Amino acid sequence: MIIYCEECGFKNTIDEARVKGPTPQLACAKCGDFLRFYGLKAKALKARPPRYKTAPRSCLILKYGKVVVLVNETNTRVEIGRQKSNDIQVVNNRVSRTHALIEYKNGQYYLTDQSSNGTYLLMEGHKGISVKKKEIMLTAKGVIGPGYKVDFKSADAIHIIFDQTR
């Protein structure tokens, strides 16, 4: 199957076996943006077993360079840090081995700092803040700087995107 990326126009060749569920979460091979599969949601909803009454209402997308990670009802915890074992590895001397967590709890998304240097958070409509050894609710699109200050145009920022599936 050929899918063109809406973000960069790259022609992606996708194995149809990888396209699962009403909203497949496959990233563009060139820019990392999620590919859009039109017409699949209705088809998948009809094929869904009756025990699933509703689809996940939302997900949080974290983008760092070419790495794209989802946080939702099925993937409830994402680790950010310097170690390779983290979901998002940030190689920087200001970043702790396990620097911060992004978690989905009770229908909300939270950032928890576990580092020595703190985590900078900037959300649309809010002033940037430094989170240190505490948890804060993520309420809007924004950027994260683990151990360093970032803005919306920073190349080394982790971008936060909310995606409503309904």
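Strands β3 (residues 58-64) and β4 (residues 67-71) pair in the antiparallel sense over five bridges, where strands are DSSP runs of E of at least two residues, numbered from the N terminus, and two strands pair if DSSP finds at least two bridges between them. The model is a predicted one, in which local features need pLDDT of at least 70 and side-chain atom pairs count only at pLDDT 80 or more, whereas totals for chains, interfaces and linings use all residues. Residues are numbered from 1 along each chain as its sequence is written, and side-chain values use heavy atoms, with hydrogens and water left out.

Within this pairing, Ile61 stands opposite Leu70 of β4. The two strands form a hairpin with two residues between them, and Gly65 in the turn has a positive phi of about 60°. Seven of the seven residues of β3 are buried, so the strand is largely enclosed by the rest of the structure; buried here denotes under 20% relative accessible area, exposed over 50% and partly exposed in between, for a 1.4 Å probe and protein chains only. In a regular strand, side chains alternate between the two faces of the sheet. In β3, Ser58, Leu60, Leu62 and Tyr64 point one way while Cys59, Ile61 and Lys63 point the other way, and all are buried.

Side chains of opposite charge can pair when their charged atoms come close. With a salt bridge defined as a side-chain nitrogen of Lys or Arg within 4 Å of a carboxyl oxygen of Asp or Glu, the count comes to five. A salt bridge joins the side chains of Glu103 and Arg77 at 3.6 Å, N to O; because Glu103 lies in strand β7 (residues 100-105) and Arg77 in strand β5 (residues 77-81), this pair ties together parts that are 26 residues apart in sequence. Glu103, at 14% relative accessibility, counts as buried, whereas Arg77, at 40%, counts as partly exposed. The side chain of Glu103 also meets that of Lys105 in a salt bridge of 4.0 Å, N to O, and Lys105 in turn meets Glu135 in a salt bridge of 2.6 Å, N to O. The latter pair links distant parts of the chain, with Lys105 in β7 and Glu135 in strand β11 (residues 135-138), 30 residues apart. Lys105 is partly exposed, with a relative accessible area of 30%, and Glu135 is likewise partly exposed, at 40%. Arg77, Glu79, Glu103, Lys105 and Glu135 are linked in a network of salt bridges.

Thr119 lies in strand β9 (residues 119-123) and, at 1% relative accessibility, counts as buried. Its side chain is joined to that of His99 by a polar contact of 3.1 Å, a term covering a pair of N or O atoms within 3.5 Å of which, within protein, one must be able to donate a hydrogen and the other to accept it, residues adjacent in sequence counting only if both atoms are side-chain atoms. With contact taken as heavy atoms within 4.5 Å, and neighbours within four places in sequence left aside, the residues in contact with Thr119 include His99, Ala100, Leu111, Asp113, Ile129 and Val131.

Technical notes
Helices (H or I, at least four residues) and strands (E, at least two) are DSSP runs, numbered from the N terminus.
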